[in-house]
Amino acid sequence: NGLQEILNPSEMFITMHGEDLSGIAVAAMLDGSRPFLIEVQSLVNTSAYGTPQRSGTGFDVRRMNMLLAVLEKRAGVSLFNQDVYINVAGGLDLSEPAADLALCAAVASSVRERCIGQDWAVMGEVGLAGEIRPIAQAERRVSECARMGFTDLILPHGSLRGVKPPEGVRLHGVNTLSEALDLLGLRASY
């Protein structure tokens, strides 16, 4: 039928599943100024080889390796003997650093074998010290998450200034990766 408008691109990139699955985190990304939700998937398993395997689809592998090192050093997530596989659902290639926190949350979720609640979305750039750095256009991202039914959003504390959450949406500002993982219940007992 020729070109047809996609009215809701976020629905294409996130799974609306009815079951709780570990290793999945949702974040709001920007394409220009248009926000859409993406799903970052992670599978972490004990390595059968001497050197753990690291593989990423839709995410820069060098950045992924850096984030895995930050997870281990700054948040105590033990990955030294774990194979880690990352996938961005829908075949997207992410280059925006706001997806960092979603990748870290998905990996921690897979390690702990605990799901992140289906009403949670996480976004923020993760620095080498484990700090969560501000992201651009936080209000647009919050609005898209609310429109898609997400009620608990983790954002960099520095991005909350001037952002008014829609009714029924709770914003959780974090300064560190450890704080974010604690909010999600993913850090204890590593």
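The sulfur of Cys104 lies 17 Å from the closest cysteine sulfur, which belongs to Cys145, and this is too far for a bond. The model is predicted. A disulfide is a covalent bond between the sulfur atoms of two cysteines. Here a pair would count as a disulfide with its sulfur atoms within 2.5 Å, and the structure holds zero disulfides. For Cys145, the closest cysteine sulfur is in Cys115, at 17 Å, so a bond is ruled out by distance.

Are these cysteines buried or exposed? Cys104 is buried, because its relative accessibility is 0%. Cys145 is buried as well, also with 0% relative accessibility.

| Cysteine | Closest cysteine sulfur | Distance |
|---|---|---|
| Cys104 | Cys145 | 17 Å |
| Cys145 | Cys115 | 17 Å |

How many bridges join β5 and β8? Three bridges link β5 to β8 (residues 152-156), in the parallel sense. Within this part of the sheet, Trp120 stands opposite Asp152 of β8. In general, the strands of a sheet pair through backbone hydrogen bonds, in either a parallel or an antiparallel way.

Methods:
Residues numbered from 1 in each chain as written. Predicted model: local features only at pLDDT ≥ 70, side-chain atom pairs only at ≥ 80, totals over all residues. Heavy atoms only, no water. Pairing = 2+ DSSP bridges. Helix = DSSP H or I, 4+ residues; strand = E, 2+ residues; numbered from the N terminus. Buried < 20%, exposed > 50% of the residue type's maximum accessible area, 1.4 Å probe, protein only.
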